[in-house]
Amino acid sequence: MKNETSRGKALKEEILSLVAEYYKSEHIKPDHKPGDPIPYGGRVYDEKELQNLVSSSLDFWLTTGPWSDKFEAEFCQYFGVKYCSLVNSGSSANLLAFMALTSHKLGEKKILPGDEVITVAAGFPTTVTPIIQYGAIPVFVDVTIPTYNIDVAQLEAALSPKTKALMIAHTLGNPFDIKAVKDFCSKHSLWLIEDNCDALGSRYFMDDKWGYTGTFGDIATSSFYPPHHMTMGEGGAVYTNDPELHRIVNSMRDWGRDCWCPSGHDNTCGCRFTQQFGELPLGYDHKYVYSHFGYNLKVTDMQAAIGCAQLEKLPGFIEARKKNWQYLKENLKDLDKYLILPEATENSSPSWFGFMMTVKKDAPFTRDQLVRHLEENKIQTRMLFAGNLTKHPCFDEMRDSGKGFRIVGELKNTDLIMNNSFWVGVYPGMNVKKLDILLSLILETAE
Ligand SMILES: Cc1ncc(COP(=O)(O)O)c(C=O)c1O
């Protein structure tokens with residue numbers, strides 16, 4: 001990406017061709033043999049990711065730079081969204097997406113400490129963490145089974161004069177009922193933050209067209225941690241169609257600064273030394289004017305370079321996930337007397353993150369027995385992350401004081417998930433051979 005001398009170009013070509021050889025020698029995995037572990041997820045890559053990584057390291061830009069710009073532009077094009085900000089993790093993306101809605105730039109609409117945000121407890125903690133860290137109140141609503149998403153029938157009951165937003169994930173790739181959630185948000189003028197970390201590539205049909213999850217709400221997030229739909233090692237993204245939110249996200253990501261010059265550039269706006277801000281002296285260097293209390297959550301260009309190669313593979317990854325999920329579903333259908341099998345939300349085409357199962361209460365085996373059997377045979381399993389987040393030690397103080405959060409009705413399905421559910425992988429590294437081993441272990445437990 002850097003301007004190079006012809007000698008530099010030739011050397012790079014040679015290095016990258018050696019990298020491809022190295023990939024073939026050291027990274028291609030032998031076929032799965034009986035007894036080999038079967039993980040629930042992991043990196044799927046070829047020489048292109050390694051070459052991009054080495055190429056960006058030779059550029060030696062290091063911080064957010066040209067590869068990040070390329071990734072953001074291609075991501076926007078792929079998903080049909082206007083603005084994307086790369087960050088260093090999905091959790092950072094959630095933090096920024098939420099914090100953006102607390103910005104003074106939003107006037108009356110901004111979320112204040114003590115305001116309420118509707119969410120669920122059956123999911124990943126960092127969908128909820130930013131709400132609590134800011135001093136807002138998470139309001140937990142139960143989920144439905146077998147879609148494992150927010151129970152939209154309870155939204156009105158969750159509402160209070162303090163409600164400002166919904167922050168929810170599309171569970172394991174399955175879109176939540178976007179139509180009902182959007183209607184509720186519009187009716188009550190609420191923000192919608194879509195945690196799309198586990199659902200990249202999932203689609204939903206509304207208003208006579210298909211759209212990608214992450215493009216329906218005000219702001220959305222992705223994670224590029226290795227088991228996710230695509231990876232850059234550590235990485236995440238915040239995306240939105242709202243230019244104001246985008247500017248706020250970038251400000252908060254980049255130390256809280258007001259200036260929007262990309263790193264390594266000065267005076268893009270042409271008025272670096274002529275403006276008046278706060279009570280600063282006239283013309284104080286715009287590069288060092290802070291409009292927010294921010295962080296530094298930027299990604300490195302090496303991570304973005306890997307992401308560029310992964311994005312090209314994303315359509316194939318999505319197809320593989322769908323196919324693997326379908327294979328498990330078809331081959332487990334006779335076990336539905338013991339297992340609640342997952343179902344896609346109406347009007348959706350999920351890009352599945354995993355295959356969820358809930359062991360029925362009267363099954364001749366428990367969730368723990370089934371999970372143990374799989375794990376003992378080297379099949380990785382996962383819980384639905386926190387199960388019921390409000391039961392965790394991080395909630396001890398709030399539970400004891402009864403302050404800082406609210407539960408709407410009872411979290412019956414959430415508790416059922418905590419006790420009886422688990423999931424297995426459908427990532428593109430699975431194949432029929434591995435899926436058959438997994439299936440036979442599940443089937444023999446039920447015999
Ligand atoms: C729904 C959801 N949100 C957020 C995250 C956090 O992403 P990261 O691990 O990149 O911080 C995860 C992680 O798996 C997740 O599943």
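User: Hi! What covers the buried residues of helix H7?
Analyst: The cover includes strand S2 (116-120), helix H6 (155-158), strand S4 (163-169), strand S5 (191-195) and strand S6 (203-206). Contact here means heavy atoms within 4.5 Å, and helices (H or I, at least four residues) and strands (E, at least two) are DSSP runs, numbered from the N terminus. Bear in mind that this is a predicted model, where local features need pLDDT of at least 70, side-chain atom pairs count only at pLDDT 80 or more, and totals for chains, interfaces and linings use all residues. Residues are numbered from 1 along each chain as its sequence is written, and side-chain values use heavy atoms, with hydrogens and water left out.

User: Thanks. Which residues of H7 are buried?
Analyst: In H7 (residues 178-188), they are Ile178, Val181, Phe184 and Cys185; buried means under 20% relative accessible area, exposed over 50% and partly exposed in between, with a 1.4 Å probe and protein chains only. They cover an arc of only 135° around the axis, so they sit on the same side of H7. That arc is taken from the directions from the helix axis to the C-beta atoms. On the other side of H7, Ser186 and Lys187 are exposed.

User: And what follows H7?
Analyst: Serine 189 does, with a positive phi near 50°.

User: Switching topic: which residues are closest to the ligand?
Analyst: Gly90, Ser91, Asp195, Asp198 and Ser223 are the closest of the 15 residues that surround the ligand, where a residue counts if one of its heavy atoms lies within 4 Å. Helix H4 (residues 90-100) gives the largest share of that shell, 3 residues.

User: Where do polar side-chain atoms of aspartate 195 and histidine 228 lie?
Analyst: One from aspartate 195 is 2.7 Å from a ligand nitrogen atom, and one from histidine 228 is 2.9 Å from a ligand oxygen atom. The protein covers 91% of the 390 Å² of accessible area that the ligand has on its own, by the Shrake-Rupley method with a 1.4 Å probe; for residues, only the protein chains shown count as cover.

User: Last one: is serine 291 buried or exposed?
Analyst: Serine 291 counts as buried because its relative accessibility is 16%. Serine 291 lies in the loop between helix H8 (243-253) and H9.

User: What does serine 291 touch?
Analyst: Leaving aside neighbours within four places in sequence, serine 291 is in contact with His104, Lys105, Ser251, Gly256, Arg257 and Asp258.

Definitions and conventions. A polar contact is a pair of N or O atoms within 3.5 Å; within protein, one must be able to donate a hydrogen and the other to accept it, and residues adjacent in sequence count only if both atoms are side-chain atoms.
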